[in-house]
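Welcome, and please open your viewer. We will go from one selection to the next, with a word at each stop on what to look for.

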Amino acid sequence: MRILHTSDWHLGKNLEGNSRLAEQERFLDELVNIVEEREIDLILIAGDIYDTSNPPAQAERLFYNSVKRLSRNGERPVIIVAGNHDNPDRLVAASPLAYDHGVVLLGKPKSTIEIGKYGSFQIVDAGEGFLEMEVKGERVVVLTLPYPSEQRLNELLSEEIEEEARRRSYSERIGEIFSNLSEKYREDTINLAVSHLFVMGGEEVGSERPIQLGGSLTVDANHLPQNAHYVALGHLHKPQKVVGSGKLKAYYSGSPIEYSKKEIHYSKCVYMVDVNVGKEVKVEEVYLKNYKPIEVWKCKSIEDAVKRCQDDGERDIWVYLEIETDRVMTQSEIKEMKKLRPHIVEIKPVFKEMEKEEEDIADIASMRIEDLFKDYYIYRNGVNPTEELMDLFSTIVQGEMKEDEA
């Protein structure tokens with residue numbers, strides 16, 4: 001069986017108030033082509049379909065049209081779990097219609113779907129957090145764990161106050177859920193899992209909305225279902241294999257487009273997974289086009305920035321401008337840059353005085369406290385402090401330090 005894993009579409013997301021729907025539509029068109037050309041049998045979408053719990057109507061319309069095309073009107077199963085950005089109830093509201101098109105929507109960790117016909121395939125068994133389907137003569141067991149917050153699990157997982165104890169309790173509970181559900185796996189079935197959570201050691205890029213407070217909703221890699229053929233995860237925006245997962249094929253597919261300037265240093269992809277019972281699982285990155293790149297331009301002056309906008313105003317890109325200057329930019333200069341270079345997201349002046357202040361702060365941080373006191377005394381009084389005053393100051397400081405240590 002050939003499986004495609006994707007996640008973190010964030011439909012409706014903006015870039016500093018600029019819509020990304022046109023790019024998202026182009027990604028989904030490309031995804032449909034990939035699915036058809038690669039002859040994908042099953043699609044797993046691991047959460048964060050939308051960027052907010054109340055997505056715009058245009059984003060919802062794009063989602064419904066796209067999953068209908070991906071499923072080929074019910075011929076290809078599409079399994080979707082909610083992420084931390086999604087409103088689980090709103091995501092599954094269209095389930096009765098989606099089932100006819102072979103699309104399974106799961107909003108909460110203990111969701112259950114009905115046994116029966118979905119499009120052109122059959123759900124032969126199902127319960128809280130799992131389903132077994134028959135697709136093209138193959139039996140597939142999928143463990144489904146939409147974003148498992150305490151609220152969505154409807155469980156109090158720990159009464160501990162200490163952060164590490166709370167994290168350990170949460171990780172162990174997720175491990176227990178996966179362990180119990182793994183009993184549904186069999187040697188003659190293709191065994192999969194799909195979830196939206198944060199596994200310890202995963203590389204964040206800074207554009208993800210925090211999934212945990214502190215680190216209490218972090219899961220250890222050994223608490224994933226170890227006997228799965230493949231674990232499809234969502235949340236992290238950089239495609240990556242789960243750190244510490246060993247031989248287990250557990251991956252984050254990442255977001256399909258650059259959602260901030262923190263995401264511009266690596267390529268975007270979806271994962272294609274070939275599974276044959278009793279054989280080695282093959283995982284392949286299928287790279288996506290960069291429909292409208294984000295670039296950061298560092299300019300040495302206002303004149304330099306205007307010239308660059310003039311010389312490079314044709315490409316379809318988003319631009320962050322960082323301009324070194326010793327004066328405030330005029331409105332006419334800003335208008336000129338935006339006229340020459342469409343889709344400037346931000347114009348950030350970097351004042352030379354600010355750079356010097358940062359250097360001065362770094363110098364101050366490396367100075368002894370006695371030297372700082374001496375400089376301040378000279379600044380306020382115009383003369384050097386006496387040796388007796390310096391000795392008294394040192395005695396006071398050392399006394400306070402000893403009290404802190406005690």
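**Before you click**

This is a predicted model, in which local features need pLDDT of at least 70 and side-chain atom pairs count only at pLDDT 80 or more, while totals for chains, interfaces and linings use all residues. Residues are numbered from 1 along each chain as its sequence is written, and side-chain values use heavy atoms, with hydrogens and water left out.

**Stop 1: the whole chain**

Show the protein chain as a cartoon: it has eleven helices and 21 strands. Both kinds of element are DSSP runs numbered from the N terminus, with helices (H or I) of at least four residues and strands (E) of at least two. Now colour by burial, where buried means under 20% relative accessible area, exposed means over 50%, and partly exposed lies in between (1.4 Å probe, protein chains only). Of the 406 residues in the chain, 52% are buried. Contact on this tour means heavy atoms within 4.5 Å. Among contacts between residues at least 6 apart in sequence, 66% join residues at least 24 apart.

**Stop 2: the six-stranded sheet**

In what order do the six strands of the open sheet lie? The order is E6-E5-E4-E1-E17-E18, and the pairing is mixed. Two strands count as paired if DSSP finds at least two bridges between them. At the edges, strand E6 (103-106) and strand E18 (282-287) each pair on one side only. Neighbouring strands here are turned by 20 degrees against each other on average, direction ignored. For such angles, axes are lines fitted to C-alpha atoms (for helices, over the stretch in contact), and values run from 0 to 180 degrees between N-to-C directions.

Next, select strand E5 (residues 78-81). E5 runs parallel to E6, joined by four bridges, and pairs with E4 in the parallel sense, also over four bridges. Click on Val 78: its bridge partner in E6 is Val 103, and Val 78 is in turn the bridge partner of Ile 43. Which way do the side chains of E5 point? Val 78 and Ile 80 point one way, Ile 79 and Val 81 the other way, and all are buried.

**Stop 3: the eight-stranded sheet**

Move on to an open sheet of eight strands, in the order E7-E8-E9-E10-E11-E14-E16-E15, with mixed pairing. Strand E7 (116-118) and strand E15 (240-241) stand at the edges with a single partner strand each, so one side of each is left without a neighbour in the sheet. E15 runs antiparallel to strand E16 (residues 250-252), with two bridges joining them. Zoom in on Gln 240 and you will find Tyr 252 of E16 opposite. Helix H6 (residues 163-181) packs on this sheet, touching strand E9 (130-135), strand E10 (138-145) and strand E11 (190-196). The direction of H6 makes about 160 degrees with that of E10.

**Stop 4: a helix pair**

Select helix H7 (residues 302-311) and helix H8 (residues 331-340). Their axes come within 8 Å and cross at roughly 25 degrees. Show the side chains of Ile 302, Ala 305, Val 306, Cys 309 and Gln 310 in H7 and of Glu 333, Glu 336, Met 337 and Leu 340 in H8, which make the contact.

**Stop 5: single residues**

- Lys 13 sits in the loop between E1 and strand E2 (14-15). Is Lys 13 buried or exposed? Lys 13 is buried, at a relative accessible area of 15%. Beyond its neighbours within four places in sequence, its contacts include Asp 51 and Tyr 259.
- Glu 23 is in helix H1 and is buried, with a relative accessible area of 5%. Leaving aside neighbours within four places in sequence, Glu 23 is in contact with Ile 257, Tyr 291, Lys 292 and Trp 318.
- Glu 16, in the loop between E2 and strand E3 (18-19), has a positive phi of about 50 degrees although it is not a glycine. Glu 16 is exposed, with a relative accessible area of 55%.
- Asp 48 lies in the loop between E4 and H2, and its phi is also positive, near 55 degrees. At 1% relative accessibility, Asp 48 counts as buried.
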